2 protein chains.
Amino acid sequence: VSEYIIGVDLGGTNVKTALVSRDKKILGKDSRPTRAEDGPNAVMECMTEGVEAVLKCSGVDKKDILAAGFGAPGPMNWQTGVVFSPPNLPGWKNVPLADEMQKRLGFPCFVDNDANVACYGEYWLGAGQGAENMCLLTLGTGVGGGIVVFGQLLRGIDGTAAEIGHLKVMRDGRLCGCGARGCLEAYASVTGMSRTAVEGIETGAKTILTEMCGGDLKKIDGKMISDGIAQGDEFSKHVMHETAVWLGIGIGSLINLLNPEKVVLCGGMIAAGDVLFNPIRETAKKMSFEVPGNRAEIVPAGLGADSGVIGSAGCALARYEAMAK
Amino acid sequence: VSEYIIGVDLGGTNVKTALVSRDKKILGKDSRPTRAEDGPNAVMECMTEGVEAVLKCSGVDKKDILAAGFGAPGPMNWQTGVVFSPPNLPGWKNVPLADEMQKRLGFPCFVDNDANVACYGEYWLGAGQGAENMCLLTLGTGVGGGIVVFGQLLRGIDGTAAEIGHLKVMRDGRLCGCGARGCLEAYASVTGMSRTAVEGIETGAKTILTEMCGGDLKKIDGKMISDGIAQGDEFSKHVMHETAVWLGIGIGSLINLLNPEKVVLCGGMIAAGDVLFNPIRETAKKMSFEVPGNRAEIVPAGLGADSGVIGSAGCALARYEAMAK
């Protein structure tokens, strides 16, 4: 019987591929540039090459592959495997990704939202292993989310669930890219954090950041704020702390709503460590009931940057098995 | 085989009982005062009498009862059926309600949180029938909640999930009874609505409510605000509208998080009708993504005040069947 699954993490910059065995061993990995600018066919060609590379380096034959899973940016229809038009994949419009990849590869292909597969990866093989009920936040340009309950991804009736970044945390608050006001994402993404810095500087805060960005506040990013903290800049610390408080408020809501065992954070921002996690934990506890607040462990991703690629494989296995039933 | 289930809704004021058949027909109902002030034994006696009354009036024999379900105020352990110490049941401390009732009645007894059973009732037999994924808000002294996903109540690892009233909607907002700030309940419960009225009057609003409460602002309640609206008082309308906007914000978060088919509202406040529902729907749509926002129907409870008693029976049936597997 086929005991291997392939996971592919389709990002705007890189395509990552992994070959995973049914018993959760990682047998091969590959990463290569997405060539997003060349359009859907080039990207699918690139993914095909990535799959062939992991097969070759791990010495596994194509016929021993059970299925492949693709974590792609949304919006999409996860059931049909059609990807609508992700902002960071130019030229994509209703691409039947699952069908196309199945034609190229010859085994069943499944497509899922990138934050969902990252959540599933952490549930299957990372910081959420052993939990039945967990959620994940990806802290990047935006705030993505995934939720596992009853040992399954919570996708909702249209597959749009788990938009944790679009929990409201502030009535009449900041305008968010989604068109609503006061979303967690508008405060707690890297973009939101930079906005907090810019607003502070514009209202008179004294900080090394002004110098670091050469007076061009638009250049302030997560890296610069981290560097500011490393150099002992109080304002940079304050900005990170504010970001953590917003995250704690959103996570407090999640804890009261889902009573999860774990809340896993991933994305570049988590490199900040205790400066970020301590105020998140403190705020989330204050913002939630005692029992679920004490229960929920707020932890960094166990798989580092590989939650998505491993989760894509795990998701594909779960969907393949559900289909076989 | 036994084809009947009993549902009991244990409220601070009344105990309601219903006899329901497995094919969802209601064969008998009873309601009687709880006698909460006489302590746990008197209350359990009262529930036993209620059960006997519905058996008698429906002509069903005790031996044909499959199980009974009890919807009780939390906090509790739903798995062991122990009720900790609900604020509106004086003298209750760690009462093993399921075991005690099973001793008295002779058939399996299950205990669940009152908002959860109301949600399950609406899912099983009310406005959520046919949905696989829904949530319910009870608008009363507080804001309770229930969530059904994958056709099951979402209880979380400790049974504390679905505290929809304790979603945060405002950083550094009103202090809530739970100890946190900015909870939906602090704005959108009947108590929260009255608080909005009082704050408005204290900051100079002119309204008929001042006269209606005889100058004693503490007397302002949901009924008075409804009466104010009926009499054309603009401020009363504004207070209801504000309450609806807060609800819309919280429900917008829920829609983005759960992508539910239905959001069901129950409790006395829903009698306000369109004055309440229209701004809730409008705000929730603005606060959520297009696809899930268009999907989620925001509707009043289909079972009126009986969601809880019918849901208790439905929950007991589901748990009995899960146990039997």
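**Entry 1: a salt bridge at D216(B)**

I started with D216(B), which is partly exposed, with a relative accessible area of 27%. This is a predicted model, so I take everything here as computed. The side chain of D216(B) meets that of K218(B) in a salt bridge, 3.7 Å from N to O. K218(B) has 75% relative accessibility, so I put it down as exposed. While on salt bridges, I also noted a network in chain A: E45(A), E100(A), K103(A) and R104(A) are joined by bridges that share partners.

**Entry 2: salt bridges overall**

I ran the search over the whole structure and got 44 salt bridges over all chains. Four of them turn up across the interface of chain A and chain B.

One that I looked up is E242(A) with R171(B), where the closest N and O atoms are 2.9 Å apart. E242(A) sits in helix α8 of chain A and R171(B) in the loop between β11 (152-153) and α4 (185-188) of chain B, so this pair joins two chains. Both E242(A) and R171(B) are buried.

I then picked a pair inside chain B: D112(B) and R319(B) form a salt bridge with closest N and O atoms 2.9 Å apart. D112(B) is in strand β8 (residues 109-113) and R319(B) in helix α11 (residues 307-324), so the bridge ties together parts 207 residues apart in sequence. I found both D112(B) and R319(B) buried.

**Entry 3: the A/B interface**

Next I went through the contact between the chains. I get 44 residues of chain A in contact with 44 of chain B. The area buried between them is about 3800 Å², and carbon and sulfur atoms give 63% of it.

For polar links, I count 24 residue pairs in polar contact across the interface. On the chain A side, the elements giving two or more residues are β10 (143-149), β11 (152-153), α8 (234-258) and α10 (290-295). α8(A) gives the most, with nine residues. By type, the chain A side splits into 25 nonpolar, nine polar and 10 charged residues.

I also checked R295(A): it forms a salt bridge with D158(B), with the closest N and O atoms 2.5 Å apart.

**Entry 4: symmetry**

Last, I asked how the two chains are related. A rotation of 180° with 0.0 Å of shift along its axis puts chain A on chain B, at an RMSD of 0.0 Å. That is what a two-fold axis does. M170(A) is the residue of chain A that comes closest to the rotation axis, its C-alpha being 2.1 Å away.

Why do I say the copies meet through the same surface? Because 100% of the interface residues of chain A are also interface residues in chain B.

Conventions
Residues numbered from 1 in each chain as written. Chains lettered and ligands numbered in written order. Predicted model: local features only at pLDDT ≥ 70, side-chain atom pairs only at ≥ 80, totals over all residues. Heavy atoms only, no water. Contact = heavy atoms within 4.5 Å. Buried area = accessible area lost by both parts, 1.4 Å probe. Salt bridge = Lys/Arg side-chain N within 4 Å of Asp/Glu carboxyl O. Polar contact = N/O pair within 3.5 Å; in protein donor to acceptor, adjacent residues only side chain to side chain. Helix = DSSP H or I, 4+ residues; strand = E, 2+ residues; numbered from the N terminus. Nonpolar A, V, L, I, M, F, W, Y, C, P; charged D, E, K, R; others polar. Least-squares fit on C-alpha atoms with pLDDT ≥ 70 in both. Buried < 20%, exposed > 50% of the residue type's maximum accessible area, 1.4 Å probe, protein only.
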